[in-house]
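Colleague: Let's talk through the aromatic rings in this one. Please keep it brisk.

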Amino acid sequence: EPQQQVYHKMVEEIRQFTLTDCTSLSQLRYTEKVLLESLRMAPALLRGTRLLKTAGGGPTKIGHYILPSNTQIHFSQYLIHHNEDVWKDPDVLDPERWSGGFNPEPYTYMPFLA
């Protein structure tokens, strides 16, 4: 099972290093990927709210929508993190997606909100 493989690889990495303080945690590169991927799959917060404030109080166009100032916008981090248009195989635990300097596009990864 893929989850067991991830677990064993992470435990193996942790056992390789002597962790003496917080700075030594940077040695755990695979473990960091597992944490990032875990937060993508199950973000700490499931939804967020923002109040749209515009300069001058006029409406704002977002995509095809025109929204008046002071509109509450609700969004779901869970749905953003599982969007197939953004994430390949979004329902698969894949820590390796964070390899090679991968940096998600803005607003596509918000485990603790933005």
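Modeller: One term to begin. Buried means under 20% relative accessible area, exposed means over 50%, and partly exposed lies in between (1.4 Å probe, protein chains only). This is a predicted model: local features need pLDDT of at least 70, side-chain atom pairs count only at pLDDT 80 or more, and totals for chains, interfaces and linings use all residues. Residues are numbered from 1 along each chain as its sequence is written, and side-chain values use heavy atoms, leaving out hydrogens and water.

Colleague: Is W87 buried or exposed?

Modeller: The relative accessibility of W87 is 2%. Buried means under 20%. So W87 counts as buried.

Colleague: How do the planes of W87 and W98 sit in their aromatic pair?

Modeller: Rings of Phe, Tyr and Trp (its six-membered ring) pair if their centres lie within 6.5 Å; planes under 30 degrees apart are stacked, over 60 edge-to-face, and the rest tilted. W87 and W98 are 5.9 Å apart, centre to centre. Their planes are 45 degrees apart, and the pair is tilted.

Colleague: What kind of pair do W87 and F102 form?

Modeller: The ring centres of W87 and F102 are 6.0 Å apart. Their planes lie at 65 degrees, so the pair is edge-to-face.

Colleague: Which residue lies over the face of W87?

Modeller: A charge sits over a ring if NZ of Lys or CZ of Arg is within 6 Å of the ring centre and within 35 degrees of the ring normal. Here the distance from the ring centre of W87 is 5.3 Å, and the residue is R40.

Colleague: Which residues form one aromatic cluster with W87?

Modeller: W87 belongs to one aromatic cluster.
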